[in-house]
Amino acid sequence: MTAVDWQNLVQGVPSLLSGLLINLEILFGLIALGFAVGILIALVQVYSPRPLAALAVGYEWFFRGVPEMVLLMLIYFGLRQFQVRITPFVAAVIALGLRSSAYQSQIFRGAIQAVGRRQMMAALSVGMTRLQAIRHVVLPQALRLSIPPWSNEFSSVLKDTTLASAIGVIEVFKKARFIMGRNYALALPIFLVVALFFLFLTYAGNWALGALERRYRIPGFEAKGAGERF
Amino acid sequence: MALLVVEDLHKRYGKEEVLRGVSFELERGETKVIIGPSGTGKSTLLRCINRLTEPDRGRVWLNGVEVTSPRTNIYRIRAQIGFVFQDFNLFTHLTALDNVRLGLIRVKGMGKREATERAMRELARVGLADKADAYPAQLSGGQQQRVSIARALAMDPKLILFDEPTSALDPELIGEVLQVMIELAEAGMTMLVVTHEMGFARSVADEIIFMEKGVIVEQGPPEVLFTNPRVPRTAEFLRKITEFYGESG
């Protein structure tokens with residue numbers, strides 16, 4: 001690399017960081033949407049009567065079955081056919097968030113089922129309603145159990161935010177391509193920088209999840225070493 | 001009218017008819033013990049009484065209110081019936097204190113301070129005031145079962161149902177749980193107990209109900225059942241179970 005290449009690379013970093021901020025915004029949006037809808041789908045699959053549960057299974061099948069890139073196109077360009085105009089950013093949050101909700105729903109369903117029916121029965125036996133039992137007994141335990149598998153989904157969707165570039169969101173991947181377009185000598189280093197960004201975010205996110213796991217572990221109940229990898 | 005009236009309960013799981021018409025009554029302050037071989041519907045019967053399991057047919061009254069009526073607020077009924085499970089079923093993510101307090105706060109709408117005082121009183125009653133901050137996984141089986149009894153007691157139940165409360169316990173821990181139950185019976189609590197502890201049945205029960213294959217074979221005071229049962233099958237079962245579990249308990 002020449003001195004000019006180095007200079008271009010260093011000059012490109014602030015632009016990359018501003019792009020990365022967009023990725024983080026998409027990430028928070030999609031995780032919040034995916035979390036809320038995912039828990040709802042899991043609860044419906046476990047606790048509601050058959051027709052509604054079947055609907056939730058259909059939802060999960062659709063959003064786990066359609067490629068993310070296709071989902072992005074369907075939601076961004078597809079909605080335009082019905083005169084629904086949303087920004088590429090919002091379309092990305094919705095498409096990636098709904099996809100994630102389907103994956104998260106199975107994390108939560110597994111955790112709810114691992115808590116077991118006996119806990120529900122004990123809660124009902126003191127007079128709680130099913131909703132109270134879910135809120136105060138089942139979910140607090142299920143969410144704890146969800147953290148390790150959920151860290152998988154987090155690591156996965158973090159990287160998926162770069163897909164938003166396909167519908168025109170100017171995020172870190174798109175910015176890296178702009179920089180590469182101006183100077184092809186930067187192809188390797190600029191994407192290495194992007195790779196480092198994501199490696200760091202994956203580390204930071206999983207560290208935070210590990211801390212959360214330790215914070216909420218149940219004394220005497222956890223397997224040795226849980227949440228202690230970092 | 002008796003505190004608890006059970007009339008002609010039926011329950012079927014698929015092809016298997018677990019309850020085939022069970023009727024009995026329980027007076028205030030009375031302790032009845034249900035005995036019988038495994039798989040004869042004893043646990044199902046208890047769960048049908050507070051409708052943790054819905055019976056197919058038959059009726060239940062608690063204090064004159066029909067539990068089995070669709071118009072009855074079943075949550076209000078359940079809050080008046082304590083339930084002690086074979087495997088304790090304490091809420092694993094909560095301390096002993098929170099286990100006892102949760103129903104008071106969420107179901108009875110009690111303030112936190114009042115609920116804490118009440119919960120501590122019940123923990124002291126079962127001898128576990130010093131374990132208030134322990135989580136279930138930090139307690140022995142016997143201690144967990146005593147916490148679960150405290151959880152039931154805190155709700156001021158009219159009646160407590162015990163579903164084989166000592167069957168999951170190591171032999172040396174059975175005594176501490178039975179001791180608490182004996183004290184409750186002496187204090188006038190109304191109790192319906194499914195158990196294999198013949199010593200407890202004999203010394204504490206006002207009446208024993210012998211169930212087999214979904215029906216009541218015989219019921220009566222322990223001295224009659226143990227010494228002079230009407231039905232030969234009762235004598236046979238009692239002989240077997242006494243051989244196996246022994247008299248003490």
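Student: Which residues in H3(A) meet H4(A)?
Tutor: In this predicted model, Glu68(A), Leu71(A), Leu72(A), Ile75(A) and Tyr76(A) of H3(A) meet Pro88(A), Ala91(A), Ala92(A), Ile94(A), Ala95(A), Leu96(A), Leu98(A) and Arg99(A) of H4(A); contact means heavy atoms within 4.5 Å. By class, that is 11 nonpolar, no polar and two charged residues. Ala, Val, Leu, Ile, Met, Phe, Trp, Tyr, Cys and Pro count as nonpolar, Asp, Glu, Lys and Arg as charged, and the others, Gly among them, as polar.

Student: What conventions apply?
Tutor: Residues are numbered from 1 along each chain as its sequence is written, with chains lettered from A and ligands numbered from 1 in the order in which they are written. The model is predicted, so local features need pLDDT of at least 70 and side-chain atom pairs count only at pLDDT 80 or more, while totals for chains, interfaces and linings use all residues; side-chain values use heavy atoms, leaving out hydrogens and water.

Student: At what angle do H3(A) and H4(A) cross?
Tutor: The axes of H3(A) (residues 68-80) and H4(A) (residues 88-115) cross at roughly 130° and come within 9 Å. Axes are lines fitted to C-alpha atoms, for helices over the stretch in contact, and angles run from 0 to 180 degrees between N-to-C directions. The two helices are therefore oblique to each other: angles under 35 degrees count as roughly parallel, over 145 as roughly antiparallel, 65 to 115 as roughly perpendicular and the rest as oblique.

Student: And how are H3(B) and H5(B) arranged?
Tutor: H3(B) (residues 96-106) and H5(B) (residues 141-154) pack at about 25°, with axes 8 Å apart, and are therefore roughly parallel. Their contact divides into six nonpolar, one polar and one charged residue.

Student: New topic, the sheet. What is the strand order?
Tutor: The order is S2-S1-S4-S5 in chain B, an open sheet of four strands with antiparallel pairing. Strands (E, at least two residues) and helices (H or I, at least four) are DSSP runs, numbered from the N terminus, and two strands pair if DSSP finds at least two bridges between them.

Student: How many bridges join S1(B) and S2(B)?
Tutor: Eight. One of the partner pairs is His10(B) with Arg20(B) in S2(B).

Student: And S1(B) with S4(B), how many?
Tutor: Five bridges, between residues 4-13 and 57-62. Leu4(B) has Leu62(B) as its bridge partner there, and Leu62(B) is also partnered with Val65(B) in S5(B).

Student: What lies between S4(B) and S5(B)?
Tutor: Two residues, in a hairpin; Asn63(B) in the turn has a positive phi of about 55°.
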